[in-house]
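Hi,

I am handing over the structure we talked about, and my notes on it follow just below. Please open it and keep it beside you while you read.

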Amino acid sequence: SAVGRYCLNDLHRAAGGAPKHQPAFWLRNAQTQALIEEIRNSADLQSPPTASLEGAGGGTYVVKELVYAYAMWISPAFHLKVIRAYDSLAARPPPSTASWWG
């Protein structure tokens, strides 16, 4: 399942969609495979660090650490944009759980 993961295909499109930056190429990279293995060995994951889904809404889904690594592989400028976008999202206050009636 893609739950708790980020879609590399969306990032690929956001980075301009260059054929040379396809997620499949990055995933075959030896350094990427070593990082995936390190994440598997160092984290108490409920599911693998990568997941591929077929069909509508499908794509390659990965944990946050792999999002950063993929963005860095594309370019330093894109890497910085991804970090800043995630930091901005993470800094937002959580939605209020208090009800309007009191």
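Let's start with the sheet: 3 strands form an open, antiparallel sheet in the order β1-β3-β2. Its edge strands are β1 (6–7) and β2 (50–53), each of which pairs on one side only. A strand here is a DSSP run of E with at least two residues, a helix is a run of H or I with at least four, and both are numbered from the N terminus. Two strands count as paired if DSSP finds at least two bridges between them.

Before going on, please note that this is a predicted model, where local features need pLDDT of at least 70 and side-chain atom pairs count only at pLDDT 80 or more, while totals for chains, interfaces and linings use all residues. Residues are numbered from 1 along each chain as its sequence is written, and side-chain values use heavy atoms, with hydrogens and water left out.

How is β3 held to its partners? β2 and β3 (residues 59–62) pair antiparallel over 4 bridges, and 2 bridges join β1 to β3. You can find Val62 of β3 as the bridge partner of Tyr6 and also of Thr50. Tyr61 in β3 is the bridge partner of Ala51. β2 and β3 form a hairpin with 5 residues between them, and Gly55 in that turn has a positive phi of about 85°.

Now for the whole chain. It holds 5 helices and 3 strands, running β-α-α-α-β-β-α-α from the N terminus on. The C-alpha trace spans about 55 × 30 × 30 Å along its principal axes. Of the 102 residues, 28% are buried, meaning under 20% relative accessible area with a 1.4 Å probe, counting protein chains only.

Which residues have the most contacts inside the largest nonpolar core? They are Leu8, Leu11, Trp26, Leu66, Tyr70, Phe78 and Val82, in a core of 16 residues. The elements giving two or more residues to this core are α1 (8–14), α2 (23–28), α3 (30–42), α4 (64–74) and α5 (76–91). α4 gives the most, with 6 residues. Such a core is a set of buried Ala, Val, Leu, Ile, Met, Phe, Trp, Tyr and Cys residues joined through side-chain atoms within 4.5 Å.

Happy exploring!

How values were computed
Buried < 20%, exposed > 50% of the residue type's maximum accessible area, 1.4 Å probe, protein only.
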